[in-house]
Amino acid sequence: MAVDAEAQFHVLAVDDSLMDRKLIERLLKTSSSFQVTTVDSGSKALQVLGLKEEHQTSTSALSPQHNEIEVNLVITDYCMPGMTGYDLLKKIKESSSLKDIPVVIMSSENVPSRINRCLEGGAEEFFLKPVQLSDMRRLGPHILKGKHKEQQQLHQEENSNNNNMSNKRKVMDEEILSESTRLRFSSSSLNLI
Amino acid sequence: MALASHRHISSCLCSIHSSLCYSTRPEMERSSLQRQLANLKKSLFDQGNLDEQFDQLEELQDDASPNFVEEVVTLFFRDSSRLVANIEQAIEKSPRDYGSLDALVHQLKDSASSIGAAKMMKECTVFREYCDKRNLEGCLRSFQKVKKEHSTLRLKLENYFQLLRQVGPAEKATRSGN
């Protein structure tokens with residue numbers, strides 16, 4: 001699948017498991033021409049985002065450094081040693097420079113109180129693992145919320161025709177798959193579109 | 001082995017060997033391998049070793065990432081082997097820490113769910129229930145089942161990927177045409 005050289009959407013995926021990083025990266029790249037960076041910890045994620053982690057509780061302690069990489073969405077595992085996905089979420093939302101970046105949380109456990117806590121903490125979506133191709137569709141609206149909104153809409157129109165043939169089968173399969181996967185998460189379907 | 005047996009393929013290993021020994025026409029050999037592949041896959045699903053999550057992985061494989069499924073499965077067995085070894089240690093430790101044991105089994109189950117290793121997931125669930133009740137005998141029994149399924153799955157998947165390699169990259173196109 002040819003990668004659009006002008007692809008603007010950059011997703012930062014955070015997971016301590018190599019297997020899960022590989023999976024989420026493939027899901028992201030398959031569903032859309034996202035640029036993907038994967039890291040194995042919350043602290044590395046903050047480094048990539050250009051924040052230096054200070055060991056203080058005050059939000060003013062987080063000072064933005066030179067932001068090397070533009071990230072349009074962060075998708076993170078919840079259960080990680082050290083900094084959890086929730087901790088990472090809070091740090092992002094408490095940073096003046098990063099708070100507008102949409103954050104999605106993944107977890108293998110369907111715990112309603114955990115889900116609510118994350119959503120209330122500012123997460124856009126909560127994905128149950130194993131994450132499916134159909135879940136990737138829920139990311140679209142949140143990416144568009146970010147910067148370069150108009151450029152992204154233009155690219156979508158241009159690319160939809162180019163990618164149509166190669167993605168056709170995948171889109172069709174997505175439709176079929178989404179029927180079965182919806183049932184898994186139907187009790188707390190948190191589609192915030 | 002007679003040529004006629006070529007057509008009545010079971011998923012036993014000797015049939016793979018026999019097909020390699022034959023200098024039949026390439027198409028016939030390929031279609032025989034494809035049948036073996038299909039049978040093995042069917043067996044994996046019918047026996048409950050794998051579920052539709054494995055199909056999801058295959059959906060994610062394409063020209064850009066042609067060995068994706070095998071790579072993920074390899075990573076799974078790397079993680080799961082380590083976890084099984086850790087569980088082995090934890091279960092033999094005295095005094096037993098059922099909390100840590102449960103955490104390890106939980107990780108194993110999560111790992112298994114990523115590739116759709118359904119039977120392993122089920123055995124892990126039972127194992128966790130015994131951990132919860134601090135039932136050592138139950139834990140030991142279910143751990144045996146987990147290890148057994150782990151070996152079975154590994155063997156079957158090794159065969160699967162070996163067949164896939166033999167059939168070659170055209171396999172994907174042919175399968176979708178069937």
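1. In strand 5 of chain A, which residue is the bridge partner of Ile105(A)? The partner is Phe126(A), and the points below set that pair in its surroundings.

2. This is a predicted model, in which local features need pLDDT of at least 70 and side-chain atom pairs count only at pLDDT 80 or more, while totals for chains, interfaces and linings use all residues. Residues are numbered from 1 along each chain as its sequence is written, chains are lettered from A and ligands numbered from 1 in the order in which they are written, and side-chain values use heavy atoms, with hydrogens and water left out.

3. Chain A holds eight helices and five strands, where helices (H or I, at least four residues) and strands (E, at least two) are DSSP runs numbered from the N terminus. Its elements follow one another from the N terminus as β-α-β-α-β-α-β-α-β-α-α-α-α. Of its 193 residues, 48% count as buried, a term that stands for under 20% relative accessible area, with exposed meaning over 50% and partly exposed in between (1.4 Å probe, protein chains only). Among contacts in chain A between residues at least 6 apart in sequence, 66% join residues at least 24 apart, contact being defined as heavy atoms within 4.5 Å.

4. The five strands of chain A form an open sheet in the order 2-1-3-4-5, with parallel pairing; two strands count as paired if DSSP finds at least two bridges between them. Strand 2 and strand 5 (125-128) of chain A are the edge strands, each pairing on one side only. From one strand to the next the twist averages 20 degrees. Strand 4 (residues 103-107) of chain A is joined to strand 5 of chain A by four bridges, and the two run parallel.

5. Helix 2 (residues 42-49) of chain A touches strand 1, strand 2 and strand 3 (73-77) of chain A, and its direction makes about 160 degrees with that of strand 1 of chain A. Helix 4 (residues 112-120) of chain A touches strand 4 and strand 5 of chain A, and its direction makes about 145 degrees with that of strand 5 of chain A.

6. Strand 1 (residues 10-14) of chain A is mostly covered, five of its five residues being buried. His10(A), Leu12(A) and Val14(A) point one way from the strand, whereas Val11(A) and Ala13(A) point the other way. Five bridges join strand 1 of chain A to strand 2 (residues 35-39) of chain A, and the two run parallel; in strand 2 of chain A, Gln35(A) is the bridge partner of His10(A).

7. Chain B comes to eight helices and zero strands. Of its 178 residues, 45% are buried, and residues 24 or more positions apart account for 61% of the contacts in chain B with a separation of 6 or more.

8. In chain B, the axes of helix 6 (residues 118-132) and helix 7 (residues 136-167) come within 9 Å and cross at roughly 165 degrees, the axes being lines fitted to C-alpha atoms, for helices over the stretch in contact, with angles running from 0 to 180 degrees between N-to-C directions. That makes helix 6 of chain B roughly antiparallel to helix 7 of chain B, a label given to angles over 145 degrees. Among the residues making the contact are Phe127(B) and Tyr130(B) of helix 6 of chain B and Phe143(B) and Val146(B) of helix 7 of chain B.

Conventions:
Angles under 35 degrees count as roughly parallel, over 145 as roughly antiparallel, 65 to 115 as roughly perpendicular and the rest as oblique.
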